Amino acid sequence: MRKFTTMMTAAAALLAAGTATKAADVEVLHWWTSGGEAAALNVLKEDLESQGIGWQDMPVAGGGGTQAMTVLRARVTSGNPPTAVQMLGFDITDWAQEGALADLNILAGMEGWDDVVPEALQKFSKYDGKWVAAPVNVHSTNWVWANKAVLDELGIAPPQTWDEFVAALEKVKASGKTAIAHGGQAWQEATVFDAVVLSTGGPEFYNKVFVDLDEEALGSDTMKQAFDRMAVIRSYVDDNFSGRDWNLSSAMVINGDAAFQMMGDWAKGEFLNAGKQPDTDFLCFRFPGTEGKVTFLSDQFALFAQGPEVGKEQAALAAAIMSPNFQSAFNVVKGSVPARTDVSDEAFDACGKKGIADLKAAAASGNLVGSMAHGHANPAAIKNAMYDVITAHFNGEYDSETAVEELVNAVQINK
Ligand code: BGC
């Protein structure tokens, strides 16, 4: 009882500190730099501002967060970590392992996070029994975004299978439009690869190669087939794809210059930010052959330890992120779905409602897998080694057979 009282007192003080007094600014390192991402970030900034907490922005562009993690390492090495950092999957575990993150257990206990955050996310939010990060959303990479008018004009229905997809791509190409809007950056190619591997081999195969790093599966014919499909996709992108940012690819679909983009559901944020509506202006569907299956990732805010206690502005940030109202308001704009199971889907559009339902169903049926491209299947060293092989193959440096061999080698070296 005494322990409980002490805990409640500490928790009450923590929350009071976060809400009642004027707290310092929070400095937040993140990679939300596109129009849609900035709109979502504003929901968080405004929430904190309403509590009297200022926001120091530290943006470092680049999906998957590779560049942001490099900047973070430099900041921590110089003894000056930010207050909070957008982080994915195994990167959170790595920083927690180094003892760099704050212990949020008092707040998490008071607010019952254990009961409402899905297991698959808790695996990364917690380290050694302690909450070290607050999950703000769940994104998924096995989506395709399409311009509805372009598809209607060409008489294309959303493809369900790989063969239907290739037939659709061929039709678009023949019309003179770009079939696939793609940005040639390693993380974007890896994002497409998530979906292609899931479609080609199914969830069990996906986990064998990306999570278990099973040599036989990595070197298999199924993996070669996945690379062959990447080469087919490559043949439907336009000539100027190299280095293009993902949101510029989204703009090509939004403007009707291209038919499809394969991208995580942050792409929906761009469509919404451009005033477009699902089912009217654009379509969202699962990458052909992956209906009912979900590659997930969760943006979490890891809080860097600032001493023995959680900073008051840190506690306010974490509490704001975890509030059900915020999770709805933020994710409606961001294109993702809530990181809590108790948030209604009422405010979400058709794609968001499908995202919420798909996530629930996939988790219940064993069809939920962690996104390799976004750090939810294996640690950064393996992920980056995989990126290198996937992107070299996409750019024609390797044929599919060589890519398979290189993938096996890359994993062996970095395991
Ligand atoms: C993040 C998303 C972000 C995307 C593009 C992903 O790694 O999880 O929140 O929108 O990168 O920047």
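Let's start with the charged pairs: this predicted model holds 11 salt bridges. One of them joins the side chains of Glu 98 and Arg 73, with 3.0 Å from N to O. Glu 98 sits in the loop between H4 and helix H5 (105–111), while Arg 73 belongs to helix H3 (residues 66–77), so this pair ties together parts that are 25 residues apart in sequence.

Now step back to the overall layout. The chain splits into domain 1 (2–139 + 297–354) and domain 2 (140–295 + 371–414). Going by C-alpha atoms, the centres of domain 1 and domain 2 are 29 Å apart.

How much area is buried between domain 1 and domain 2? The figure is about 2,300 Å², and carbon and sulfur atoms give 58% of that. On the domain 1 side, Leu 297, Cys 351 and Lys 354 stand out: they supply 26% of the area domain 1 buries against domain 2, more than any other three residues. Counting residues instead, 28 from domain 1 are in contact with 33 from domain 2.

Which helices each supply at least two residues of the side of domain 1 that touches domain 2? They are helix H2 (35–49), helix H4 (89–97), helix H16 (324–334) and helix H17 (350–365). By residue type, that side of domain 1 divides into 10 nonpolar, 13 polar and 5 charged.

Last stop, the ligand. It is surrounded by 14 residues, and the closest are Trp 32, Glu 37, Gly 64, Asp 299 and Lys 334.

| Side chain | Distance to a ligand oxygen atom |
|---|---|
| Trp 31 | 3.1 Å |
| Trp 32 | 2.8 Å |
| Glu 37 | 2.4 Å |

Key. Residues numbered from 1 in each chain as written. Predicted model: local features only at pLDDT ≥ 70, side-chain atom pairs only at ≥ 80, totals over all residues. Heavy atoms only, no water. Domains from an automatic or database assignment. Contact = heavy atoms within 4.5 Å. Buried area = accessible area lost by both parts, 1.4 Å probe. Helix = DSSP H or I, 4+ residues; strand = E, 2+ residues; numbered from the N terminus. Nonpolar A, V, L, I, M, F, W, Y, C, P; charged D, E, K, R; others polar. Near = heavy atom within 4 Å. Polar contact = N/O pair within 3.5 Å; in protein donor to acceptor, adjacent residues only side chain to side chain. Salt bridge = Lys/Arg side-chain N within 4 Å of Asp/Glu carboxyl O.
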